[in-house]
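Hello,

Here is the structure we spoke about.

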Amino acid sequence: MKNIVEVKNFKMKFGNKTVISNLSFEVKKGEIFGLLGSNGSGKTTTLRALLGLYTPTEGELLIDGKKYNPEDSSVIVGYLPEERGLYRKETVIDTMTYFGELKGLKDPKEWSLKYLKRVGLLDKINEKIEKLSGGQQQKIQLGITIMGNPKLLILDEPTKGFDPMNRKLLMEIIDELHQKGTAIILITHYMDEVEKLCDRVILLKDGKARAYGKISDIKKEFGKKSLDQIFVEIYGGENE
Amino acid sequence: MSNVALKVAKFEVLRQLKKPAFWAAILLMPLLIGFIYFISFTFGTENVDMNPTLDENTKMAITDDAGILGPEMSQYVINGDKEYGVEMVKNGEVDLYFHIPKDFVENKKVDFYHISEGLDIFNFDGNILKGILAQNAAMKVDPADVVALTGNFEIVDNKLTASGENENALGKAVIPIAILVVFFMFIALFGNRFLMATVEEKENRISEMILTTVSSKHLIIGKIIAMMVLGLVQIVTFVVPVLILVFLNRENPMISTILSSIEIDPVTIAMNIILFIASVFLYAGTCIFIGSLVSTARDASSFIGPAIIAMVFPLYFMQLFFAPEPGAIVYFLTYFPLSAPIALMLRSGFGTLGTVEFLIGLAEVSVCAIIVIRLAVATFQKNAINFETFRPKFLKRR
């Protein structure tokens with residue numbers, strides 16, 4: 001199978017309000033895929049339905065050919081949600097080890113120590129999460145997300161709130177995992193990041209796909225030189 | 001049992017055991033019991049002689065206007081009036097002074113004077129006169145009449161069942177009631193902890209990360225297992241000191257009577273333990289269901305109160321459970337799901353619950369526990385990423 005993600009005729013309603021209608025797209029194995037759109041366009045809802053946090057009203061959302069089951073060790077998915085948090089009262093090492101155990105790592109503690117050494121937090125292993133700075137907590141969240149060499153990495157606005165150092169670290173990690181063959185779905189509002197990293201993108205507006213494919217093809221289709229210009233053309237009217 | 005649920009349980013148990021606050025809360029009860037025991041041991045009534053006798057260093061005087069004391073007691077009787085006796089106390093000539101007035105038989109009152117030694121709540125020196133008067137009376141009547149009048153004899157209670165066998169109601173009640181006490185403790189101590197465990201992921205905005213790593217079902221089951229283990233730790237921490245105290249006081253008449261009467265019926269004990277486990281699951285499921293509806297422990301606290309009241313409701317009607325024939329209220333409480341656990345335990349303890357009724361009640365509690373836990377899992381999954389404050393529809397502003 002070429003695709004790691006398949007979304008077919010996805011429809012999502014909350015009460016009487018339809019937030020996604022008839023959405024279909026695929027993410028190929030090993031590619032970096034941009035899921036783009038303005039606030040409220042349905043990006044996060046799509047990801048939550050893909051990960052089984054929402055039950056779709058209609059349609060099928062598959063990861064590696066099946067509905068996502070968090071305990072299926074054959075498909076490890078790393079997810080960095082937009083809503084971020086950690087067990088504030090627990091220590092760094094206990095939190096990371098716990099997630100590592102849940103993700104089926106053979107030696108979660110050793111993995112966590114290696115990661116913490118890499119990101120310069122080895123001296124904080126026994127600190128409670130709440131004692132760490134915001135930037136340090138972001139590093140922990142990122143570590144939990146990439147545990148176990150995921151086949152699919154889903155990053156919902158990953159650079160939101162990241163300081164420049166952490167943003168650089170994130171980019172390095174994305175690059176490393178991409179080199180290893182991990183497929184990445186990236187939600188972001190920074191079009192420069194998208195142009196630099198993504199192979200293909202989908203642009204959502206009001207729960208519908210307005211553009212989908214390779215960035216170069218979309219630029220041709222819209223007759224624009226940059227994604228920023230396309231973004232402004234599609235969503236510009238929303239702020240008027 | 002799912003491996004993932006066990007991993008969740010391990011994490012939840014270890015993190016609690018590492019917290020000083022957990023041990024502070026857990027040790028509070030045994031320490032309190034120990035403190036009360038220490039106080040009662042040091043200052044309590046068991047060290048206070050409620051019927052003291054006159055020792056050789058204590059000087060006592062009595063004015064007997066009623067003329068009831070015989071010549072044997074003349075050593076204590078003084079000539080003079082009440083004022084004279086009081087003066088003797090004030091001057092330190094005597095330590096204790098009693099005035100038996102003329103109308104003693106009608107009014108049954110004696111005045112007692114002595115120098116106060118502060119609060120003096122455990123001073124029973126006044127009872128010395130009772131001993132003297134009893135001794136005085138005993139000298140005038142037959143010893144058999146003394147026993148009869150003082151009531152100083154034991155009535156050995158031999159109850160029979162309708163079929164003529166020896167009835168041992170107290171012995172049969174001990175273990176079911178002990179299980180009820182443990183369940184009550186569980187309700188009192190663990191409601192808040194269940195709520196915290198359920199809403200913690202939401203409060204910390206970690207629901208999405210955790211629920212894409214572990215299923216909500218296994219997360220909830222893991223948390224329930226953890227709470228059970230922590231409950232067991234808490235119960236053991238509480239029960240062991242109590243058992244030690246019972247052992248140390250095994251010669252105490254009341255305790256030795258209870259201990260000697262305990263009836264060990266393995267079937268009854270097993271049934272009550274199964275009922276306890278089902279009841280704990282029902283309570284846990286209810287707490288988790290409430291926790292899964294809301295976003296914060298604060299929101300949950302307003303809904304958990306009525307559930308706890310419904311659970312302990314049978315205790316408010318305790319006297320109705322003593323009746324040999326249960327009434328309508330007792331039957332209602334026995335079969336209303338939330339009150340059923342305590343009602344069944346009470347009736348089992350008081351011997352008014354037949355085997356068939358017990359099994360029906362047990363089945364009801366078990367089925368309700370399964371339903372409420374499934375409901376809690378479904379609600380938790382549905383509301384896990386809902387961070388809004390929960391309000392029932394009828395309370396929402398139009």
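Between the chains, 22 residues of chain A are in contact with 17 residues of chain B, contact being C-beta atoms, placed from the backbone, within 7 Å. This is a predicted model: local features need pLDDT of at least 70, side-chain atom pairs count only at pLDDT 80 or more, and totals for chains, interfaces and linings use all residues. Residues are numbered from 1 along each chain as its sequence is written, and chains are lettered from A and ligands numbered from 1 in the order in which they are written.

On the side of chain A that touches chain B, two or more residues each come from β5 (77-80) and α2 (92-102) of chain A; α2(A) gives the largest share, five residues. Helices (H or I, at least four residues) and strands (E, at least two) are DSSP runs, numbered from the N terminus.

Chain A is assigned domain 1 (3-76 + 151-239) and domain 2 (83-148), with bounds from an automatic or database domain assignment. Their C-alpha centres lie 26 Å apart. Eleven residues of domain 1 of chain A are in contact with ten of domain 2 of chain A, and helix α5 (residues 164-179) of chain A gives the most to the domain 1 side, with five residues.

In chain B, the buried residues of α1(B) are V4(B), A5(B), V8(B), A9(B), F11(B) and E12(B); buried means 20 or more other C-beta atoms within 10 Å of the residue's own, these atoms being placed from the backbone. Seen down the axis of α1(B), they fall within an arc of 160°, so they line one face of the helix; the arc is that of the directions from the helix axis to the C-beta atoms.

Regards

Terms used. Two residues are in contact if their C-beta atoms, placed from the backbone, lie within 7 Å. A residue is buried if 20 or more other C-beta atoms lie within 10 Å of its own, exposed if 12 or fewer, and partly exposed in between; C-beta atoms are placed from the backbone.
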